[in-house]
Amino acid sequence: MTTINVIPGDVSINTGGTQQFSALAADQNGLAMNGVAFTWTSSDPTVATIDANGLATAVEAGTTQIRASAQGVSSNAALLTDSVPDSDVPLTMTRLSPAMALVGSGDLVSLTITGTGFLPGHW
């Protein structure tokens with residue numbers, strides 16, 4: 001065995017969600033190898049755990065690398081991102097600007113929400 005590829009590649013899931021990963025092993029000629037038993041790892045188990053069958057579970061917001069290994073060969077890293085905070089995080093809105101989001105013309109108006117507990121860039 002010379003290579004192991006993890007699929008799918010980079011993925012994003014919500015806290016508590018799961019993602020099934022699989023691995024493909026190939027020999028020095030690029031031919032697929034069957035019957036390989038893989039060991040799965042998450043570089044940051046506080047973000048996501050992964051079981052012996054390649055099923056990852058998102059634990060908290062962040063990014064981790066998922067890898068498979070066998071016979072001394074390690075795979076490429078698939079990035080798993082959990083971009084949703086735990087539901088226990090309180091959100092507090094302290095200001096909305098402009099105060100009115102709907103306009104009579106039907107045009108969309110950008111809003112600025114100020115508060116705590118929000119992740120930057122997520123809406």
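Glutamine 71 sits in the loop between strand E9 and strand E10 (73–74), where strands (E, at least two residues) are DSSP runs numbered from the N terminus. The phi angle of glutamine 71 is near 50 degrees, a positive value in a residue other than glycine. Glutamine 71 is also exposed, with a relative accessible area of 63%; here exposed means over 50% relative accessible area, buried under 20%, and partly exposed in between (1.4 Å probe, protein chains only).

The model is predicted, so local features need pLDDT of at least 70 and side-chain atom pairs count only at pLDDT 80 or more, while totals for chains, interfaces and linings use all residues. Residues are numbered from 1 along each chain as its sequence is written, and side-chain values use heavy atoms, leaving out hydrogens and water.

The peptide bond leading from isoleucine 7 to proline 8 is cis, with omega near -5 degrees. Isoleucine 7 itself stands opposite serine 22 in E4. E1 and E4 run antiparallel and are joined by 5 bridges; two strands count as paired if DSSP finds at least two bridges between them. Together with E5, they make an open sheet of 3 strands in the order E1-E4-E5, with antiparallel pairing. E1 and E5 (32–33) stand at the edges with a single partner strand each, so one side of each has no neighbour in the sheet.

In E6, Trp40 and Ser42 form the covered face, whereas Thr39 and Thr41 form the uncovered one. E6 pairs with E9 (residues 62–70) in the antiparallel sense over 4 bridges, and the bridge partner of serine 42 in E9 is isoleucine 66.

What, then, lies in the largest nonpolar core? This core has 20 residues, and those with the most contacts inside it are Ile4, Phe21, Phe38, Trp40, Ala68 and Leu80. Such a core is a set of buried Ala, Val, Leu, Ile, Met, Phe, Trp, Tyr and Cys residues joined through side-chain atoms within 4.5 Å. The largest share of this core, 3 residues, comes from E9. Leaving aside neighbours within four places in sequence, leucine 80 is in contact (heavy atoms within 4.5 Å) with residues including Val11, Phe21, Ala56 and Ile66. Phenylalanine 38 and tryptophan 40 are both buried.
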